[in-house]
Amino acid sequence: AIESILNQTLVDIELLIVDDSSTDNTLEIAQTYAKKDYRILVLSNCEKKGISGSMNTGINSARGKYLARMDSDDISEFSRLEKQYYILENNKEYGLCSTNMSTFGVTEKEQIFQERKEPLEWLFLWENPIGNASVMYRKSIIDLKKIRFGEYGLAEDYDFLARLIPYTRVYFLNEVLYRY
């Protein structure tokens with residue numbers, strides 16, 4: 001996961017790694033990478049906050065114009081961030097850009113999401129039509145509207161997106177750039 005971000009074609013990035021009070025050697029691995037690459041900032045929760053709290057730690061610490069999600073056991077294709085950056089830079093009406101995803105490991109699927117004719121913003125009334133892990137957000141909207149992740153167990157991503165989309169448009173890049 002770390003190397004797939006460090007090897008992106010978009011190199012002007014800040015990689016925030018949030019360690020949620022892990023008990024294995026996650027923190028040491030992250031710190032080893034940070035010593036080798038100035039773009040990495042390792043954040044460590046003093047007490048376990050879970051995925052929502054860790055996401056908020058990252059959002060509150062990020063300094064960039066855009067935020068891109070990434071989970072620790074996934075892989076971003078080498079051009080993911082550049083393509084999402086280009087879309088958001090050139091389409092100001094969009095506040096988030098999601099990509100298609102594939103799965104690997106025990107269950108493999110070439111493409112998780114299908115391109116839809118309906119506006120994605122409408123589909124959020126009935127379902128989550130995008131994969132939150134692959135999203136790049138415009139940080140100014142998140143900060144202006146004071147949107148953060150709530151404590152909702154497995155639905156924290158849907159809740160976050162559902163509270164964000166009334167303020168912006170959703171762009172779906174129908175290209176597999178994220179491997180889950």
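**View 1. The largest nonpolar core of the predicted model.** In this predicted model, the largest nonpolar core has 25 residues, and those with the most contacts inside it are Leu 96, Ile 130, Tyr 137, Ile 142, Phe 160, Leu 164 and Val 170. At least two residues of this core come from each of H3, E5, helix H5 (120–123), helix H6 (139–144), helix H7 (156–164) and E7. A second, separate core has 18 residues, and Ile 17, Ala 30, Leu 81 and Cys 97 are among them.

**View 2. The surroundings of Leu 96.** With residues up to four places away in sequence left out, Leu 96 touches Leu 88, Ile 130, Val 135, Met 136, Tyr 137, Leu 161, Leu 164, Ile 165, Thr 168, Arg 169, Val 170 and Tyr 171. Within E7, the residue that stands opposite Leu 96 is Val 170, and both Leu 96 and Val 170 are listed with those that have the most contacts inside the largest nonpolar core.

**View 3. Strand E5 and the strands that pair with it.** Strand E5 covers residues 94–102 and is joined to E7 by eight bridges, the two strands running parallel. One of the paired positions is Asn 100, whose bridge partner in E7 is Val 176. E5 is also joined to E6, here by two bridges and in an antiparallel arrangement, with Cys 97 standing opposite Met 136 in E6. Because nine of the nine residues of E5 are buried, this strand is largely enclosed by the rest of the structure. In a regular strand the side chains alternate between the two faces of the sheet.

View 4. Strand E7 spans residues 169–179 and runs antiparallel to strand E4 (residues 75–76), to which two bridges join it; Ser 76 stands opposite Tyr 178 in E7. Val 176 is found in strand E7 and counts as partly exposed because its relative accessibility is 26%, a value that falls between the limits of 20% for buried and 50% for exposed. Although Val 176 and Thr 99 are 77 residues apart along the chain, their C-alpha atoms are separated by 6.3 Å. Not counting residues up to four places away in sequence, Val 176 touches Glu 77, Asn 100, Met 101, Ser 102, Glu 110 and Gln 111.

**View 5. Helix H7 and what covers it.** The buried residues of H7 include Glu 156, Asp 159, Phe 160, Leu 161 and Leu 164, and what covers the buried residues of this helix includes H3, E5, E6 and H6. An α-helix has 3.6 residues a turn, so residues three or four places apart point the same way.

**View 6. The largest pocket.** The volume of the largest pocket is about 1400 Å³. Its lining is made up of 43 residues, of which Leu 15, Leu 16, Ile 17, Ala 68 and Met 70 lie nearest the centre of the pocket. Two or more lining residues are given by each of helix H1 (2–6), strand E1 (15–19), helix H2 (26–36), helix H3 (50–61), strand E3 (66–68), helix H4 (80–90) and strand E6 (136–138), and the largest share, six residues, comes from H3. By class, the lining of the largest pocket divides into 25 nonpolar, seven polar and eleven charged residues.

**View 7. The second largest pocket.** The second largest pocket has a volume of about 230 Å³, and of the 13 residues that line it, Met 101, Asn 132, Ala 133, Asp 157 and Tyr 180 are the closest to its centre. The lining of the second largest pocket has seven nonpolar, two polar and four charged residues.

View 8. Ser 79, in the loop between E4 and H4, counts as buried because its relative accessibility is 10%, which is under the limit of 20%. Apart from neighbours within four places in sequence, Ser 79 is in contact with Gln 8, Thr 9 and Leu 177. Ser 21 lies in the loop between E1 and H2 and has a phi near 55°, a positive value in a residue other than glycine; at 23% relative accessibility, Ser 21 counts as partly exposed. Lys 146, in the loop between H6 and H7, likewise has a positive phi, near 55°, in a residue other than glycine, and Lys 146 is exposed, with a relative accessible area of 67%.

Note on methods
Residues are numbered from 1 along each chain as its sequence is written. This is a predicted model: local features need pLDDT of at least 70, side-chain atom pairs count only at pLDDT 80 or more; totals for chains, interfaces and linings use all residues. Side-chain values use heavy atoms; hydrogens and water are left out. Two strands pair if DSSP finds at least two bridges between them. Helices (H or I, at least four residues) and strands (E, at least two) are DSSP runs, numbered from the N terminus. On a 1 Å grid over the protein atoms alone, a cavity is a set of points where a 1.4 Å probe fits but cannot get out, and a pocket is an open set with protein on both sides within 12 Å along at least five of seven lines; lining residues have an atom within 4 Å of a point. Grid points are joined across faces, edges and corners, and a volume is the space filled by probe spheres set on the points. Ala, Val, Leu, Ile, Met, Phe, Trp, Tyr, Cys and Pro count as nonpolar, Asp, Glu, Lys and Arg as charged, and the others, Gly among them, as polar. A nonpolar core is a set of buried Ala, Val, Leu, Ile, Met, Phe, Trp, Tyr and Cys residues joined through side-chain atoms within 4.5 Å. Buried means under 20% relative accessible area, exposed over 50%, partly exposed in between (1.4 Å probe, protein chains only). Contact means heavy atoms within 4.5 Å.
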